[in-house]
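Hi everyone, thanks for coming.

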Amino acid sequence: MKLSISKGHPVGEKVSECPCKIKAKNRLYNSSHEGFRGAPESPWLFYSLLPDTLQGLSEGNTLVRRCRLTEIYPPLEGPVSAGLQGGYSEDHFIRPENELQEILYMHIPDGYLSPQTCAVMYAAVVPFWYTAARKLKGALTSKTVPLLSIFSAFSFVIMMFNAPVPGGTTAHATGAVLMAIILGPWAAIIGVSSALFIQALFFGDGGILAFGANAFNIAVVIPLVGYWTYRLIARSAPMKSSRHWMGAAVGGYVGINAAALLAAVEFGLQPLLFHTANGTPLYCPYNLSQAIPAMMFAHLTVAGLAEAIVTAGVLVFLKKSMPEVLTGIAKEARI
Amino acid sequence: MKSWAKLFIGLVVLGFLVPIGLLASGTAWGEWGKDAFTQMIGYIPKGLERFSEIWHAPFHDYTVSRTGNHISYILSAFGGMALVLLITWGVGKILARKNTDRPNGK
């Protein structure tokens, strides 16, 4: 957690009580205060947001909050403590450099995108669903339906394995590129969309209004971009060639990052397009220059790597222990 | 053993391993969300507040009531996988049935 605090003008205000309950690493939160500490054993410094914090909404590429130091816990001993506890308070500008990631995820919840954006994204994804259904209709057989189901369920469960991203957020692989390589990108569109649908409907992971956007980003962009990248590298090399696992790894990495960028653009356009008369954002409040770095940091590092490992790892595993999935069945299943 | 049966066993193993995915976050995700906006920018955007609770998922954040964190997550994994298997099986069967006149594909 990087924090840069710059001093504002001193304001005289009494220290308030802070019955904080939620602990999160080096932060403590409650409804009105926020505590930080530099090291695990150092005291907590509590800041409260000032009511006019809106005016400090953004400065350059970082969010800026105007805060006031209100409490130190546990109280410091000696003269320093006396000064601080005796009504010492100051305005501070706090720049949370990594915190945005904790709010922006690949699975877009309802409310972050305007209903108009959601409608556009539904309109964008429907042709892909339609085409995918038509392609599958011409290729699915009773032999490949179980594989479609199993790889869709794999996509669902692999998304539950959250990996830590520096700064406190998490990221996960999607299994979408793997499915595209084994069963073809059109099967992956149907399969991953199904997994996303169950996540949204039953587990609140991704919104219902935003389902079109999530399906487009995760179930269409990841499989198509990932698969094309894989084909570009693997070309027509024999199955034992290392081009396949390398192509799978790069395909996974590129696919998930393409989707992250698209999601970031969808987030970042909201404050530009949808705001009140005085410019206050109605939906996602982060502009492009905030949303893109926040999303891309998590995906260029951890999520991209996770997708690359899952895609190449499972492909290599299947090639070694169950080659029939890749050769016999896949040949007729790949669309 | 058929290859899909072997893959199915792999899914069951993964289902029991999902608590590994909780190590990274530690806390439930629900604690972030709308409160985090108040913390970060001092207000909750109006439209966001209005639409964010348009749908109440029965097992929000993979939480099954009256069970612990890890058990919840495992139950969610198996329930979710079962639902995904069901829905894709259904879609697959419908699409494959229309394909019976062309059993060899394409």
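Predicted model: local features only at pLDDT ≥ 70, side-chain atom pairs only at ≥ 80, totals over all residues.

Residues are numbered from 1 along each chain as its sequence is written, chains are lettered from A and ligands numbered from 1 in the order in which they are written, and side-chain values use heavy atoms, with hydrogens and water left out.

Rings of Phe, Tyr and Trp (its six-membered ring) pair if their centres lie within 6.5 Å; planes under 30 degrees apart are stacked, over 60 edge-to-face, and the rest tilted. That rule gives 14 aromatic pairs over all chains. One of them is A:Phe203 with B:Phe59, a tilted pair at 6.1 Å centre to centre and 35° between the planes. This pair crosses between chains, with A:Phe203 in helix H5 (residues 185-203) of chain A and B:Phe59 in the loop between helix H4 (46-52) and helix H5 (69-97) of chain B. Helices here are DSSP runs (H or I, at least four residues), and strands are E runs of at least two, numbered from the N terminus.

Buried means under 20% relative accessible area, exposed over 50%, and partly exposed in between (1.4 Å probe, protein chains only).

Finally, chain B has five helices and zero strands, and 41% of its 106 residues count as buried.
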